[in-house]
Amino acid sequence: MPMKANKTEPQSQTRKQKKDTPWILHIFNHICFVTTIIGCYSCHWKIKQEKKFKHGQCCSLRERLFYPCLVISFCMSVLLVFVWVESSNEYNGFDWVIFIGTGLWFFWSIVLLSFLGILAAYTSLLLVLGFLLLWEGIELYLHWCHKILILLVIVICSFFFWILFTYWKDRWLTVGLSLQVFAPYIHLSSIAMMVILSWPLAFYLIHLEGEARIRRYQMTCNERKRNKRCNVLTKLRALQVAIGLPFFLILLCLYLLPLGNFSACVQEKNKLAPKPYFFGHRGAPMLGPENTIMSFEKAVEHGAYGLESDVHISYDHVPFLMHDSDLRRTTNIKEVLPNASLTHPSLFDWDFLSTLNAGKWFSHAPIKPFFGMKPLSEADRERAGNQKIPKLTELLELAQKEKKFVIFDLYGPAPNHSLRALYVHHVVSTILDSQIEQRLIFWLPGFEREYVKKKAPGFQQVSRLHSVERLTKENITRINVDYKNLFYNGMREYRAANISINLYLVNEPWLFSLAWCSRIPSVTTDNIQVLNEMTQPSYFMTPKYYLFVWILMDILSAIFIVAIFYFHWWKESKKEKLLKSTSIHTESLSTSLRTRESKNQGPSCISIDPVSRVTEIPWTHAALSPALTKNVRKYPDSNRVSVVPMKKASKSEPVSKTIKTPVPGEDDIRHLVPTLKASESIQAPVRESAREATFQSSSAMKANGTFSSIDVSHPQKQTERPPNTKSSEESLPVFTTSSPSSSS
């Protein structure tokens, strides 16, 4: 009955352990994890014992030469993604450029963003997998397919960088503007990232420090390898400096970054300028078809300060509103007259142009003109599908009615047009004949400006970006410039000269916030329905609030980093103390045995080799130092204590009687070995019985007055023995006592 109870108790404990184990451990384990990362990195999916690398040899020379290529591809792909994300204000313009070349309207900007994101995610994944393999101590081997793809990523990124530096240099100005807005938030996020990175860094640095201390401690015990160990210590210190010094320098720079950081959105609320006015770019192109009366009316409904448009002149001298140099994108000319779809708009009569539909491409097309545009209501959808190409006079009537300003780009007609040389005069006459107030006209075209000033002195002259001296000379007080020019100190020189600035094209809230904080009077936008709802700039904060967050973040990050380093130092010192205590215990045991050997100058002696590991229980590895459990596989017989026979006595010595104590056989010893799966209740009796047997044997030896030679094997000497040699002298303890009446 007690035996049954002992059997059922471990089973109940095992069931309880299984019940308390998290569900994720029933599905995943360490072998599965290691196999997965090795398979993804090296394309080796077989479960096997992977080769562990030695210190300083994480991979072969070829892998070390190729690893910088992986880092370069990661940096290039991430930088491209960042540049393109910050250029989101230009996505519609990019799609339009691709349409001009291919004739197909699609969200090419989103396709490019997804492609660059895939490249960045791929290289990031390989870097993370490599780090995990190094963490597990597994030698790196990148599959040749990955190597080819990484080289391909470098080539693709180099091609895009060449395009950026050759044709789109202004995109770098967009990146600079975004940093002006997001600099405080990037600064705080970078400090948080450094705190996260401090965990593996502290682990590695403290590990190197612990290894250096252990080697320095062992140096006093082995002077023959002093020079070699000194070189190893120097390498360890150099590695610590090479890794730790850049980290702390970057952290120090981040702590002091706000001292030299400038952000237009960090200012006092009472110094914030009024909200900029809006010019509806071709009306409200996200709410109605661009350059139609519906679009302009939607812009007026959402509080537009002025209306921006583009003017062409028909073959029969009628100014009308159209942006593109052909009619493919915004009309149904492919259905009406496919062969003339690429003809310049100025070569069509107004009678034909007035019959074209200018709204179905917006309301019934499967692909909308703007990514993320909200769906239209049924009434707006029906109204947009019936829009026509409007005349310039229709826009002027709406502006006069709503008291809105009008600004437009004037495109010259085709070379064989009858008004090729006089189209400016004709447009000015058309505006004056419409009876609109002259002050509502912002005259933007730069050619024949003197004629316009004489013919219509009430027009407000608007110029492109020229020098302040030229603008002052021409008596121009308003300019219309690209938003990227804000990078140059926010156009301070022009504001100082009382020159009003209108920025185009501002669609993103962060860019509008920057213009607002930079005291820009007005902007031209496609996204008027969103920007009009903003009551204050996004990412706006006062200097005091930013100072408070900065100091608080620095203090908290410093506390966390110090705590992380202290935790790893405490953990490593605990292992070091345990290792030193084990070594001291071994040395004291060896010294006591040698002292006893010198006192007993008889026929038998006690000799013991220097050991580095001592166990309390025979046949088990449980009493080893926890930090050295991995070495058990290398030295499987390091815990065996064998009693070897004495030398044969000479004739003059008393005859000794050999008594072999009954010991269990090999199979029985194996039966006594406690396994990891056995419970503590089964292990305890076995340990006690083993200790009692050992104590009785030693008592018998003391009583007989003679000790045999005890050989405690050293791990380093285990390899010198043949693996398959099993003599009775090694496997069985033999106790020898001296007797005058017995023969050897």
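Helices (H or I, at least four residues) and strands (E, at least two) are DSSP runs, numbered from the N terminus. With that in hand, hello everyone, and let me show you around.

This is a predicted model, where local features need pLDDT of at least 70 and side-chain atom pairs count only at pLDDT 80 or more, while totals for chains, interfaces and linings use all residues. Residues are numbered from 1 along each chain as its sequence is written, and side-chain values use heavy atoms, leaving out hydrogens and water.

Among the buried ones are Trp-510, Phe-512 and Trp-516. Just after H20, Arg-519 has a positive phi of about 65 degrees.

Now, what does Trp-443 touch, leaving aside neighbours within four places in sequence? Its contacts (heavy atoms within 4.5 Å) include Phe-408, Val-428, Ile-431, Arg-449 and Phe-459.

Next, a pair of helices. The axes of H10 (residues 293–301) and H15 (residues 392–402) come within 11 Å and cross at roughly 20 degrees. Axes here are lines fitted to C-alpha atoms, for helices over the stretch in contact, with angles running from 0 to 180 degrees between N-to-C directions. H10 and H15 are therefore roughly parallel, as angles under 35 degrees count as that, over 145 as roughly antiparallel, 65 to 115 as roughly perpendicular and the rest as oblique. On the H10 side, Ile-293, Phe-296, Glu-297 and Val-300 meet Glu-394, Leu-395, Leu-398 and Glu-402 of H15.

Finally, two single residues. Glu-290 sits in the loop between strand S1 (277–281) and H10. Is Glu-290 buried or exposed? Glu-290 is buried, with a relative accessible area of 10%. Not counting residues up to four places away in sequence, Glu-290 touches several residues, among them Arg-282, His-323 and Trp-361. Ser-557, in helix H22 (residues 543–599), is buried too, at 3%. Beyond its neighbours within four places in sequence, Ser-557 contacts Ile-191, Val-195 and Tyr-255.

Definitions and conventions. Buried < 20%, exposed > 50% of the residue type's maximum accessible area, 1.4 Å probe, protein only.
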